[in-house]
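Please have a look at the model first, and then read on.

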Amino acid sequence: MIATVLDLARSRPWPPAWGRSGRLGRLRAAWRDGDLPGFDRLSIQARLSALVVIALLAAVGFGAVLQVAGARIDSMLRQQDVYRRLNDLAADMRQGATATQAQADLFARDRVPAAAQEAKAEIARTRDRLDQLAALAAAGPKVQAVAEARTGIAAVETAFAALEAEAVRLGLTDRQGLRARLNESTRAIESELAEWPNAGALPFLMARMRLAERDYMLYGQDSALGRHRAAATQFDLAIESSPLPDSTRQTFRQLLGTYAADLAAFAEGSQRVRAEQA
């Protein structure tokens with residue numbers, strides 16, 4: 001029954017709507033049987049030449065496809081390498097920022113000159129990494145982020161330069177800067193007190209001022225400055241009630257004024273250093 005239906009289908013003419021499908025079917029059959037239209041009128045050599053040309057065209061087309069695919073794969077690999085380098089640089093920058101902060105804190109707290117040099121070197125390395133990051137991210141979605149990072153690293157560099165300058169002005173050792181001036185002013189009062197055993201309460205009040213000064217140097221507490229000012233006021237009042245000569249009283253007032261001014265300048269500078277650290 002099925003064979004009869006197939007024979008009937010082959011014997012009936014194709015409807016107009018099936019014409020295109022019929023042509024494709026005949027073309028497939030001709031390709032399968034090797035009975036291509038017009039080939040029967042060609043010589044054997046012409047047929048071989050045509051087949052060679054067709055094979056060459058197929059090879060060229062296949063090679064072009066391979067080349068395009070290979071270029072696409074290379075582009076994807078290059079892009080993947082760029083992303084890897086971007087991630088590596090970003091990680092290095094995060095580590096650099098942490099190291100810079102640690103060295104800056106060490107310099108501000110312990111006044112270690114090597115820590116300042118290392119902090120500046122770390123800032124320079126971070127800036128170099130940022131330049132590499134900018135080159136990799138050129139014309140990409142991270143351009144704005146790179147620009148903001150440049151602004152940030154410039155601000156960090158400026159802030160650390162200000163911190164370093166203020167720390168140097170305060171004095172990295174007790175023989176430098178405002179620390180040296182403060183030590184000189186305290187020694188001047190103590191030397192003058194040593195000349196006058198009958199100075200009354202002045203030695204005791206001087207000891208209170210030195211204790212408050214020490215506490216401020218160690219802990220940076222504003223309360224220590226308040227205790228120092230209170231002791232300085234009492235010291236000034238005690239000068240008037242002391243049995244010292246007028247000229248000596250005037251000397252003590254001048255020395256006290258210098259001491260108070262030096263400590264105030266040092267306190268102002270140390271507060272600026274702490275503000276730069278924040």
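Helices (H or I, at least four residues) and strands (E, at least two) are DSSP runs, numbered from the N terminus. This is a predicted model, in which local features need pLDDT of at least 70, side-chain atom pairs count only at pLDDT 80 or more, and totals for chains, interfaces and linings use all residues. Residues are numbered from 1 along each chain as its sequence is written, and side-chain values use heavy atoms, with hydrogens and water left out.

**Pockets**

- On a 1 Å grid over the protein atoms alone, a pocket is an open set of points where a 1.4 Å probe fits, with protein on both sides within 12 Å along at least five of seven lines; lining residues have an atom within 4 Å of a point.
- The largest pocket has a volume of about 480 Å³ (the space filled by probe spheres set on the points, which are joined across faces, edges and corners).
- It is lined by 19 residues, and Ala108, Arg109, Arg111, Arg179 and Met217 are the closest to its centre.
- Two or more lining residues of the largest pocket come from each of α3 (44–110), α5 (143–170), α7 (202–219) and α9 (246–277).
- The second largest pocket has a volume of about 410 Å³.
- Of its 22 lining residues, Ala97, Thr100, Gln101, Ile153 and Val156 are the closest to the centre.
- For the second largest pocket, α3, α4 (113–136), α5 and α9 each supply at least two lining residues, and α3 gives the most, with nine.

**α5 and α9**

- These helices pack at an angle of about 155°, with their axes 9 Å apart (axes are lines fitted to C-alpha atoms over the stretch in contact, and angles run from 0 to 180 degrees between N-to-C directions).
- α5 is therefore roughly antiparallel to α9 (angles over 145 degrees count as such).
- The crossing of α5 and α9 is left-handed, meaning that the near helix is turned anticlockwise from the far one by less than a right angle.

**α6 and α7**

- The axes of α6 (residues 177–194) and α7 come within 10 Å and cross at roughly 165°.
- That makes α6 roughly antiparallel to α7, and the crossing is left-handed.
- The contact includes Arg179, Leu182 and Glu190 in α6, and Met206, Arg210 and Met217 in α7.

Definitions and conventions:
Parallel < 35°, antiparallel > 145°, perpendicular 65-115°, else oblique. Contact = heavy atoms within 4.5 Å.
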